[in-house]
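Please find my notes on this model below.

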Amino acid sequence: MKLINIWSFARDFVGRKYLMYVASVIMCVLSLLLLSVALFAYTATQYGKQQCNKLFTKGVDGTGVFRFDDDPASSFNQEDWQAFMSEVNRAEEIYAAGVYMEGVFNYGGTEELVKLQTENDATIHTGGIPSDYLVGYDVSNKKVFDLLNVKFQKGGYRENEEGITYLYLGADLSSVDVGTIYTDGDETYVVAGIFKRGTSVIDPEVMFRSSDVLELDYSVCLDNMVLVNLDWINRNWATFSVNDGYSVEEGMDAIREIAKKYGMEIAGASCEGLLYMREVNNEQVVASTRNILIWLVLIIFIIMLCIQVSDAIERAGDFGIMYANGSSVRDISLIVFMENVRRVLVSFILWAVIAFLVSKTTIVPYYKRVYGIADRIVMDILVSHILPVVAVFAVAYMCIMSVIPVILVKRTQPVKLIGGYKV
């Protein structure tokens, strides 16, 4: 039988049972939506770790943090700090170590940069930040650039020189040429590089604060930011990564030994360990909800399977007549499969429309309002983590829903399918 005829038969069968078809489509869409909610809950507990793996050069397994017992600004001078960090970065176990953190900068002559930042984000000067200040991050040494997975589209890293501090700009500020000079009295600030668009770093304080359930984004986008190499520290913690072949624990031991020379007491932890505690806290909250949703999906799936079985029994006579008049098991199997293709295709399209509308009108505004998260994060989860799984589930549904009618036809004689010899 030609494929076009098989498709027509499937359409006719669907048309004769229109209400049942509509009901099955609705249940299929509901099943896909519930599955999507469960997937979103699961992804939310893992998304931060995936970001850390991507944005730390050595990933989660090779990254850790250490904290000083005292504020370094009051307990030892900057020369000691620089000597200590220099020795840490020369250690065999350590790939890179340093501090990066949020900062605001009052540099004379940088009005152009401030204006560009404000034009790109009118709310960037919040929380008491003066309107004539640059907003960005400061880094403590060159090794921070090795620690973070940042890439340049123009220029690159340059060591500060006597009287010259180099600036690194996000992609939104790329209209400023590399080499542009700003002066503030005896100080000179020079643009050394422009980051690629989308360059992000893990929020430097994300390891040390609690997270809300389903908090998604652990990163900060640098597109509208300025990075400054200040060569000093005013925080009592730092981030480090280890060379291949060494564990974070071994790196931490090496740092402690160096710290003893400078009379410092420090404590540390692996990035993986800190993230694990956050994931456990999230998991405890979302696990019950996720399990309930999974059970609902299974129940709906079973109900739809029962509908399919009862429909196959009711249509046994039609299958028997087709079987007796020369149609093969393959033809009937394809007809049943095509019916399910039509059903699932319509359901998948409806699910996609509803999922994208709900994401745009409900989920994205919520995360923007509560966490200040860009819509690209939520849409990335929908497109990269939920849509592929739902598509696989839909294909599996098509196949499973087609198996029972095929087995029924294949194992039953045509005369029994159409009602026996008394018909």
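1. The side chains of Asp 146 and Lys 143 form a salt bridge, at 3.9 Å from N to O. A salt bridge here is a side-chain nitrogen of Lys or Arg within 4 Å of a carboxyl oxygen of Asp or Glu. Asp 146 and Lys 143 are three residues apart in helix H6 (residues 143-147), and are therefore separated by about one helical turn. Helices (H or I, at least four residues) and strands (E, at least two) are DSSP runs, numbered from the N terminus. Asp 146 is buried at 17% relative accessible area, while Lys 143 is partly exposed at 27%. Buried means under 20% relative accessible area, exposed over 50%, and partly exposed in between (1.4 Å probe, protein chains only). A network of salt bridges links Lys 142, Lys 143 and Asp 146.

2. On provenance: this is a predicted model, in which local features need pLDDT of at least 70 and side-chain atom pairs count only at pLDDT 80 or more, whereas totals for chains, interfaces and linings use all residues. Residues are numbered from 1 along each chain as its sequence is written, and side-chain values use heavy atoms, with hydrogens and water left out.

3. The structure holds 10 salt bridges. One of them joins Lys 49 and Glu 272, whose closest N and O atoms are 3.9 Å apart. Lys 49 belongs to helix H2 (residues 18-55) and Glu 272 to helix H8, so this pair ties together parts that are 223 residues apart in sequence. Both ends are partly exposed: Lys 49 has 24% relative accessibility and Glu 272 has 35%.

4. A further salt bridge is formed by Arg 197 and Asp 172, at 2.8 Å from N to O. Arg 197 sits in the loop between strand S8 (187-195) and strand S9 (200-202), and Asp 172 in the loop between strand S6 (164-169) and strand S7 (181-184), so the contact ties together parts 25 residues apart in sequence. Arg 197 is exposed, at 55% relative accessible area, and Asp 172 is partly exposed, at 26%.

5. Which residues are linked into a cluster by ring pairs? They are Phe 145, Phe 152, Tyr 157, Tyr 168 and Phe 195. Rings of Phe, Tyr and Trp (its six-membered ring) pair if their centres lie within 6.5 Å; planes under 30 degrees apart count as stacked, over 60 as edge-to-face and the rest as tilted. The structure holds 12 aromatic pairs. For Phe 145 and Phe 152 the ring centres are 6.3 Å apart and the planes are at 15 degrees, so this pair is stacked. Phe 145 is buried at 10% relative accessible area; Phe 152 is partly exposed at 21%.

6. Lys 58 lies over the face of Tyr 95, 4.5 Å from the ring centre. The criterion is NZ of Lys or CZ of Arg within 6 Å of the ring centre and within 35 degrees of the ring normal.

7. Strand S4 (134-139) is mostly covered, with six of its six residues buried. Two strands pair if DSSP finds at least two bridges between them. Strand S3 (residues 100-105) runs antiparallel to S4, joined by six bridges, and Val 104 stands opposite Val 135 in S4. S4 is also joined to strand S11 (residues 226-229) by four bridges, in the parallel sense; there Val 139 stands opposite Asn 229.

8. Strand S1 (residues 63-68) has five of its six residues buried, so it is largely enclosed by the rest of the structure. S1 pairs antiparallel with strand S12 (residues 237-242) over five bridges, with Thr 63 opposite Ser 241. S1 also pairs antiparallel with strand S13 (residues 266-270) over five bridges, where Arg 67 stands opposite Ala 267.

9. Pro 130 is in the loop between helix H5 (111-120) and S4, and is partly exposed at 33% relative accessibility. Pro 130 and Asn 106 are 24 residues apart in sequence, with their C-alpha atoms 9.0 Å apart in space.
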